[in-house]
Structure formats: structure tokens, C-alpha cells
Amino acid sequence: MEYRKFEVVSEFEPAGDQPQAIESLAEGIENGLRGQILLGVTGSGKTYTMAKVVEKINKPTLVLAHNKTLAAQLYSEFKSFFPNNSVEYFVSYYDYYQPEAYVPGPDLYIEKDSSINDEIDKMRHSATAALSERSDVLIVASVSCIYGLGSPIDYENMVLSLRPGMTKDRDEIIRRLVDMQYERNEVDFRRGTFRVRGDVVEIFPASSAEHAVRIELYGDEIERIVETTAITGDAVASLRHVSIYPASHYVTAPENMSNALVTIQEELDEAIEKLRQEGKLLEAQRLLQRTNYDIEIMREMGYCKGIENYTRHINRTAAGDAPYTLLDYFPDDYLLIVDESHVTLPQVRGMFGGDFSRKKNLVDYGFRLPSAYDNRPLNFQEFEERIHQVVYVSATPAVYERDNSQNIVEQIVRPTGLIDPSIEVVPTTGQIDHLIGKLNEVAKAGEKALVTTLTKRMAEDLTKYIAQAGVSATYLHSEIDTVERVKIINDLRSGVYDVIVGINLLREGLDIPEVSLVAILDADKQGFLRNTTSLIQTIGRASRHLNGKVIMYADVVTESMRTAIDETDRRRAKQQAYNEEHSIVPKGVVKEIRHGIENLIKEDEETYHTAKGTRKKSSIMQTPQEVMASLEKEMKKAAKELDFERAAMLRDRIANIKGQLNE
């Protein structure tokens with residue numbers, strides 16, 4: 001393994017609370033503290049702080065996020081901070097995934113169906129390969145990283161290491177590549193394949209995006225190893241050594257696969273006998289046919305569809321043992337960073353139960369062997385056992401994080417000098433008229449507002465009332481699709497609307513710097529949307545504006561309200577004192593408005609017509625099929641660039657056009 005040091009490259013220097021946060025967290029890690037919290041408010045530069053901590057402690061690091069989009073954003077940020085280090089991305093590689101399931105009532109079997117994103121699959125292989133090759137590795141992952149993966153020991157043992165001058169028979173190299181799940185393909189040379197031309201073997205590694213490896217032999221000796229461009233075959237560099245990593249994380253040595261087939265057969269015999277004793281003859285016959293087919297395919301090919309259901313046998317573990325996951329590929333002293341821990345940890349905690357309930361029907365009705373239970377995510381206790389040292393990052397850490405941390409570091413003072421918004425509690429009597437007055441003030445100042453309600457019906461009715469009062473407004477709730485949702489946000493920022501009314505405005509994508517007012521209706525109605533965490537997060541939506549203000553409409557001040565208000569006042573006092581002491585003038589946040597779906601379509605059409613030079617720049621001249629083809633091209637490009645929000649918008653737009661054509 002190559003030893004390298006992390007190095008942050010940035011034009012910024014730590015400011016505000018960042019210097020003390022960096023020192024305190026790094027010192028805690030060096031002193032062996034198992035758990036710490038970075039309590040960072042919105043806009044305080046938490047990602048930069050964590051990058052500087054990683055630079056100081058210099059350990060392989062796993063950053064855990066609660067969804068793909070947030071993970072992609074963090075990956076991009078860390079990649080910019082560590083341009084000379086290995087920053088990797090590990091999320092579920094499915095663009096679409098329908099898990100295998102069985103519904104007993106209607107006797108409905110749902111076969112597994114999926115669409116794998118080749119670019120993300122490549123990045124997953126790149127991540128695990130990097131952990132074997134070097135020490136300066138930071139991997140940004142979604143919670144899917146706690147799902148079962150092949151054995152890291154088998155994965156490393158199957159690596160094919162080659163050097164010029166090494167005695168290696170060509171056929172031996174080919175056999176090893178086949179054992180590593182590489183496919184021989186002389187025509188379609190793509191990632192995870194190899195081709196043979198006389199004494200030259202060309203390999204397209206599973207972890208590579210565009211470069212292949214050419215092995216040139218002279219007899220049984222490797223004469224030269226060249227890195228090439230896969231498309232053109234042009235030489236890029238001569239290599240003194242190359243390591244080819246397996247094309248699948250479920251790879252194992254041939255002898256291990258042979259032993260696995262024996263134990264699978266033994267389990268099958270036991271399961272068949274048990275089902276027959278219970279009088280489940282149909283289930284027994286179904287299980288016999290399906291499993292025998294899988295055994296035969298694995299014997300011939302070393303792989304089968306759904307091979308992950310046999311990982312217990314392949315990995316040689318006992319029933320009930322925790323599966324191998326990405327966490328097992330890290331060294332024992334790695335650092336875990338859990339971003340937005342108040343959301344991420346509950347997701348980790350809930351994944352095991354959902355997976356088990358789905359598998360139970362498959363096993364009970366003869367679709368899978370009982371060992372399929374062991375193809376699962378980690379349960380929460382197993383996840384905890386694999387934590388060496390962890391930093392929980394959140395503006396509102398939950399009780400679990402506080403109980404399991406020995407050091408809580410606050411990052412309240414922002415580098416920009418912005419302070420948290422002021423909070424006013426207003427009685428509900430006449431609240432709508434009061435709200436209209438405030439919204440008019442915001443609109444006249446050229447600023448924006450967010451209003452939260454408790455129900456969809458109220459959001460829609462209130463939007464109509466506000467619009468009738470002369471304030472441009474729209475509503476946002478879960479039934480609005482991705483395309484329309486992003487368009488609404490961009491319309492607010494660009495001035496089409498002055499107000500968005502919604503139910504849960506905590507969802508991703510609503511950090512809008514133009515928002516100076518957040519109004520919370522029914523703030524005293526206790527529940528999920530009005531608990532302390534939700535209130536503090538909602539208050540944070542106004543924290544990016546110089547004139548940020550929050551109005552809570554309530555007849556009583558609940559405990560949740562009081563806690564949120566007191567916490568916000570405490571933060572404001574600290575931020576103001578720091579600004580006065582250091583003579584800092586607060587600066588508002590400037591955030592670029594991203595193109596909406598309509599603008600993307602317009603740009604694509606104009607490019608198309610300019611290139612052809614035969615049509616006017618008008619969407620009227622394009623057929624729906626041409627529009628869909630253009631959108632699909634952009635969707636694939638966006639997915640490759642990890643811009644999943646844009647890809648989702650384009651996907652929804654394509655679906656809408658298809659629906660209209662079908663109608």
C-alpha cells in the first residue's frame with residue numbers, strides 16, 4: 001500500500017468558529033475519543049471543517065450521507081478540497097431497482113428488475129480498489145454501503161498483479177481473468193472485459209473509466225505493460241507494475257466456489273425435507289427447481305443472477321453472521337463522518353427490518369433458501385460494532401448522538417458573519433391578515449418568503465388567498481413531481497413568485513439565499529413537523545439572508561417552541577458578540593440559480609437546430625420523439641456527471657412526454 005498524506009487545496013483559510021472546531025475535533029480523534037459531534041449551523045462551512053480535520057489526522061475516511069444527491073454534492077466538495085488525494089464515491093449503482101418479492105394473497109411473485117448505472121458501478125470498484133492501494137482515501141457513501149458485499153479477503157486475494165519481466169503463461173492470465181468475472185469479448189471492448197490478439201492481452205479494468213491495459217508477451221514472459229486509451233488504443237504510458245482488480249465484489253477462488261456449491265446443496269436438501277414435512281409440496285418443488293438451476297449456472301459460469309443470496313456460502317460464514325460490507329474494506333483505524341446524522345442514523349437503523357420482512361415471504365414460500373436472510377444490510381448493533389471513531393455532523397443532533405459522544409464542538413459563527421434570524425411569536429387571531437401584511441413588505445423589498453402549514457389542503461387554500469391579496473405565491477408539497485418542484489424553486493428565486501407555501505420545507509434543495517422571512521403557521525401544534533428539531537431546521541431556512549426573520553403563529557409557547565427559540569437566541573448572541581469583537585460586517589450568501597428543465601430543453605433545441613442549420617429555433621419544429629431523444633442524451637450525461645437532481649428532472653420530463661403520447 002502506498003502511503004500518502006491528505007492535503008487541502010483551497011483559497012480560503014479557516015474563519016469564524018472553524019479554527020477552534022478543527023483543533024478540538026482533531027485533538028479528540030488523536031486522544032482516542034470514539035464519538036464526537038460537530039454541531040454546525042447552516043452556512044458555517046461544515047464540509048471545509050471536516051476536510052481540514054481529515055488533513056490533520058490523516059486517516060482513511062468514510063463520509064456517510066442519507067441519499068445519493070447529498071452524497072454527490074459532498075463528493076464534489078471534497079474532490080475540490082483534495083485534488084491530489086483519492087476521493088471516491090460509493091452509492092447504490094441502480095438507476096432503477098425493483099427487489100425480488102412475493103405477495104401471498106394474490107399469489108404474486110415479483111422478479112428482481114434493475115437498471116445498473118455503469119458509471120457508478122465503476123466508481124464503486126474504484127473505491128474498493130483505492131482502499132487496497134493507498135492510505136489517503138476518502139469515500140463519500142450513501143447508507144447503501146451497509147448492504148452486503150463480497151469478502152474483502154477474497155477480493156484482495158483475487159487481484160492479478162503483473163510486472164514486466166515476470167514469467168506468466170498467456171493462458172494462465174486468461175484463466176485468472178475469467179475467474180475474476182472478466183468477460184472475453186473481441187468486439188465490444190468495454191469495462192470489465194478483455195480481448196486476446198496473439199501474444200497481446202488487452203484488459204479494460206472494472207475500476208477504469210477510459211483507460212485499458214495492454215499486456216505484451218514474448219513466449220511466457222511479460223515483455224511490456226502499456227496503459228492505453230480504450231477507444232483509440234493509443235499508448236498513454238508504460239507501466240512498471242499493474243494490479244487488475246476483480247470485475248465483481250462477489251468474486252472468489254474456484255476452490256471456494258466448489259466448496260460453496262457443496263454447502264448450498266446440503267442446505268437445499270435440508271430445506272426441501274423441512275417443507276415436505278410441513279406439507280408444502282409446491283413450495284418444495286419450486287425451491288428445488290430454482291436452486292438447482294442456480295447451482296448449475298454457478299458451476300459452469302462461476303456466477304448467476306441473484307448470486308448475492310448465496311454470499312453466506314461463498315464467504316464461508318455461519319448463519320446469522322453479519323455480512324461483509326464496505327466498512328470491512330477499511331482499515332481498523334478509519335474515521336467515520338456521519339453527515340446530517342439526525343436523518344442518516346434513523347435510516348441506517350430502519351434498513352434491516354424492512355429487508356427481513358421481504359425475505360421472509362420468499363423463504364417461507366420456496367423462492368429462496370434460508371441463507372438468503374444473510375444477504376442483508378447490517379443491523380444497527382452490527383453497524384455500531386464497526387465504528388472505530390466517528391464524528392456526527394448536524395445542526396440538530398439527536399439524543400443518540402449526544403449520548404454516544406464524548407465531545408460536542410459547536411460551529412455557530414459563520415465565516416460570512418451572518419447571524420441566525422430573529423424570531424417573533426404572534427397570536428393566531430387575525431394571523432392571515434398579519435401574514436399578508438408581512439408578505440407585502442417582503443415583496444416590496446425584493447425579498448422572498450416561505451410559509452409552512454400542516455396540511456396540503458391548507459397550503460393550497462392559503463396560496464389562493466395570498467394571490468388574491470396581490471402577492472404572487474405558489475404551493476409546494478409531495479404530490480408535485482421533481483421537474484415542477486425545481487421549476488417552482490427557481491421561479492421563486494428569479495422573481496416569478498414572492499412566496500412558497502408548503503408543508504415540509506425541510507427537504508433538500510430549499511436552501512434559498514433570497515428568503516428573508518419564514519412564517520410557521522400552527523407552530524404550537526405538537527407533532528413531527530413542529531418538534532424541536534423540525535423547528536430549528538425550519539428556522540435555518542432564513543439564516544442565509546441579512547434580514548432573516550421568523551414568525552411563529554401560536555397561542556401558546558410549547559416546550560418545542562421555547563427550546564428552539566432559546567437555542568436560536570443563544571446562537572445569535574454568540575454570533576453578534578464575535579462580529580463586534582472582530583469588526584466583521586455580515587455578508588449575504590450568493591448562490592447561482594440553476595437551470596430549470598425548460599431552459600435545458602431550450603438550450604438543447606437551439607444547439608440541435610444550429611448544428612443542422614435547416615430548422616428555426618422553435619420547439620414547434622421538433623417531434624416528441626426528437627425531444628425525448630435529446631432529453632435522454634442529457635439525462636445520461638447528467639447521471640455520468642453525478643448531477644442526479646438534473647437527471648431526475650429529465651427522467652420525469654421524458655415520462656411525461658411518453659404519457660401524453662400514449663394518451
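## Cysteines

Buried means under 20% relative accessible area, exposed over 50%, and partly exposed in between (1.4 Å probe, protein chains only). Cys304 has 3% relative accessibility and therefore counts as buried. Cys145, at 1%, is also buried. Zero disulfides (pairs of cysteine sulfur atoms within 2.5 Å) are found in a search of the whole structure.

## Basis of the values

The model is predicted: local features need pLDDT of at least 70, side-chain atom pairs count only at pLDDT 80 or more, and totals for chains, interfaces and linings use all residues. Residues are numbered from 1 along each chain as its sequence is written, and side-chain values use heavy atoms, with hydrogens and water left out.

## Ala26

Helix α1 spans residues 18-30 and includes Ala26; helices are DSSP runs (H or I, at least four residues), as are strands (E, at least two), numbered from the N terminus. Ala26 has a relative accessible area of 3% and is buried.

Leaving aside residues up to four places away in sequence, Ala26 touches Val53, Lys56 and Ile57, where contact means heavy atoms within 4.5 Å. Between Ala26 and Lys56 the C-alpha to C-alpha distance is 6.5 Å, at a separation of 30 residues in sequence.

## Helices α16 and α17

Helix α16 (residues 532-539) packs against helix α17 (residues 559-581) at an angle of about 40°, and their axes are 8 Å apart. Axes are lines fitted to C-alpha atoms, for helices over the stretch in contact, and angles run from 0 to 180 degrees between N-to-C directions.

The contact involves Thr532, Leu535, Ile536 and Ile539 of α16, together with Ser560, Met561, Thr563, Ala564, Glu567, Thr568 and Arg571 of α17.
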